[in-house]
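Colleague: I'd like to learn how to read a model like this one. Could you walk me through it?

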Amino acid sequence: MVRADLDALVALQAGGLTWNAIAAGLTAQGLTTADGRPITGRNLTGVISSIRRQAQRGATRDAERKSRVDVREEAAATASSVSAIPAANAPASASFRPALSPDLVADAAAGSQPRPSDAERRIAAFARARSLLKKD
């Protein structure tokens, strides 16, 4: 909740409310910490500081990535906009561009089921492992 409403919380604090008063208001609305305790001003400022550090690290990481020579703007584009360019039609300035293997292109054209995500694969593997470890 804090991440989604960070701007509003900071605006409240800038308007003269203390973090303790804001935390008391959030607790009065039913918000608690992960373990069910009421939110304190110290909890709130800690979470806000953590969110700001994460945002700063993300911005630094993005800036470093964009400055790398081996990473181009095309690599940052979405998967739908990055498609294989046949070698005959490739512009002279373009170097190697990855392309899907023929069987994957055929699967995509046929409208087949999307491949499972990493999370879905982990969940399936966990379910298989749990069924093996069940006591009879």
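**Starting from one residue**

Modeller: Let's begin with Val10, which is partly exposed at a relative accessible area of 25%; buried means under 20%, exposed over 50%, and partly exposed in between, with a 1.4 Å probe and protein chains only. This is a predicted model, where local features need pLDDT of at least 70, side-chain atom pairs count only at pLDDT 80 or more, and totals for chains, interfaces and linings use all residues. Residues are numbered from 1 along each chain as its sequence is written, and side-chain values use heavy atoms, leaving out hydrogens and water.

Colleague: Where is Val10 found, and with which residues is Val10 in contact?

Modeller: Val10 is found in helix 1. Helices are DSSP runs of H or I with at least four residues, strands are runs of E with at least two, and both are numbered from the N terminus. Contact means heavy atoms within 4.5 Å. Leaving aside neighbours within four places in sequence, Val10 is in contact with Trp19 and Arg52. The C-alpha atoms of Val10 and Ile48 are separated by 9.1 Å, although these residues lie 38 apart along the chain.

Colleague: How many helices and strands does the chain have?

Modeller: The chain has six helices and zero strands. Of its 136 residues, 11% count as buried.

Colleague: Which residues make up the largest nonpolar core?

Modeller: In general, nonpolar side chains tend to be buried together in soluble globular proteins. A nonpolar core is a set of buried Ala, Val, Leu, Ile, Met, Phe, Trp, Tyr and Cys residues joined through side-chain atoms within 4.5 Å. Here the largest has eleven residues: Val2, Leu6, Leu9, Trp19, Ile22, Ala23, Leu26, Ile39, Leu44, Ile48 and Ile51. Beyond four places in sequence, Leu26 touches Met1, Leu9, Leu31, Ile39 and Leu44.

Colleague: At what angle do the axes of helix 2 and helix 3 cross?

Modeller: Two packed helices are described by the angle and the distance between their axes. The axes of helix 2 and helix 3 come within 8 Å and cross at roughly 100 degrees, so helix 2 is roughly perpendicular to helix 3 (65 to 115 degrees counts as roughly perpendicular). The contact is made by Trp19, Asn20, Ile22, Ala23 and Leu26 of helix 2 and Gly41, Arg42, Leu44, Thr45 and Ile48 of helix 3.

Terms used: Axes are lines fitted to C-alpha atoms, for helices over the stretch in contact, and angles run from 0 to 180 degrees between N-to-C directions. Angles under 35 degrees count as roughly parallel, over 145 as roughly antiparallel, 65 to 115 as roughly perpendicular and the rest as oblique.
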